[in-house]
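Biologist: Please take a close look at one part of this model, the ligand site. I would like one connected account.

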Amino acid sequence: MTVKTRCAAFISGRGSNMMALVEAAKAPDFPAEFVVVVSNDPAAGGLEWAAGQGIAAVAIDHRPYGKDREAHERAIDAVLETHGVEFICLAGYMRVLTPWLVEKWQGRMINIHPALLPDFKGLHTHQRCLEAGHDRHGATVHWVSSGVDEGDIIAQAEVPVLADDTADTLAARVLVEEHKLYPAALRAVMSNLTKL
Ligand code: GAR
């Protein structure tokens, strides 16, 4: 029987990448399971979906913590502890993490970014790609390190940029690939971890 690593997904919004991960993890031979979905935004659409899947769905609103980002993350970390989480997938989590959380989960936390890193770190990647005139765009799954969108690359998926693309049409084409890339990358990471 496949031993499944206990994973958390962090989201801030609709959570379509989290959904793709959860669906993929239903396969009996998938080496991970999602035991909790955490959001910094109580209104994140993905929370309700996760709860409907029987997964613990926890909102820890960042706003009451003000500028104390580490205190917010310590509250999240306590939830992870409660659920015996071993690995984190950031899936559209739109907050920059503190060095405290990054260090604590070093080697056990990955992220998906909607660009072909090292191009277009940060926000508005699709619009910036169009403005730069690139003919290829895509998504990257990478390890989380202290620099934003700077950790080692695990896997990438490319899409063409079409002449009549808007940021929205390009984002939609990239998102289709994200939903395939993230589960595949997680599976690969898990197989490597168990080999260590
Ligand atoms: C995805 O495109 C993801 O790559 C991106 O946000 C979107 C979330 O969509 N993440 C980042 O920009 C992280 N800096 P989703 O909530 O439907 O998965």
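Biologist: How many Å from an oxygen atom of the ligand does a polar side-chain atom of Arg 14 lie?

Modeller: First, the ground rules. This is a predicted model, where local features need pLDDT of at least 70, side-chain atom pairs count only at pLDDT 80 or more, and totals for chains, interfaces and linings use all residues. Residues are numbered from 1 along each chain as its sequence is written, and side-chain values use heavy atoms, with hydrogens and water left out.

Now the contact. A polar side-chain atom of Arg 14 lies 2.4 Å from a ligand oxygen atom. A polar contact here is a pair of N or O atoms within 3.5 Å; within protein, one must be able to donate a hydrogen and the other to accept it, and residues adjacent in sequence count only if both atoms are side-chain atoms. The backbone also takes part. A backbone N or O atom of Gly 15 is 2.8 Å from an oxygen atom of the ligand. For Asn 17, a polar backbone atom is 2.9 Å from a ligand oxygen atom. The protein covers 87% of the 450 Å² of accessible area that the ligand has on its own (Shrake-Rupley method, 1.4 Å probe; for residues, only the protein chains shown count as cover).

Next, the shell. The ligand is surrounded by Arg 14, Gly 15, Ser 16, Asn 17, Gly 92, Met 94, Ile 112, Pro 114, Leu 175 and Glu 178 (a heavy atom within 4 Å). By class, four are nonpolar, four polar and two charged; Gly counts as polar, and Met, Ile, Pro and Leu as nonpolar.

The ligand takes up the space of the largest pocket. A pocket is an open set of points on a 1 Å grid over the protein atoms alone, with protein on both sides within 12 Å along at least five of seven lines; lining residues have an atom within 4 Å of a point. A molecule sits in it if more than half of its atoms lie within 2 Å of its grid points. Helices α1 (16-25) and α6 (167-195) each give two or more residues to the shell (DSSP runs of H or I, at least four residues; strands are E, at least two). Gly 15 lies in the loop between β1 (5-11) and α1.

Finally, the record. UniProt places a "binding site" (unreviewed entry) at Gly 15, Ser 16 and Asn 17; annotations may be inferred rather than shown by experiment. The lining of the largest pocket includes Gly 15, Ser 16 and Asn 17. UniProt also places a "binding site" (unreviewed entry) at Arg 69 and Asn 111. Of these, the pocket lining includes Asn 111. Arg 69 is found in helix α3 (residues 69-82).

Technical notes
1 Å grid on protein atoms, 1.4 Å probe; cavity = no way out; pocket = protein on both sides within 12 Å on 5 of 7 lines; lining within 4 Å.
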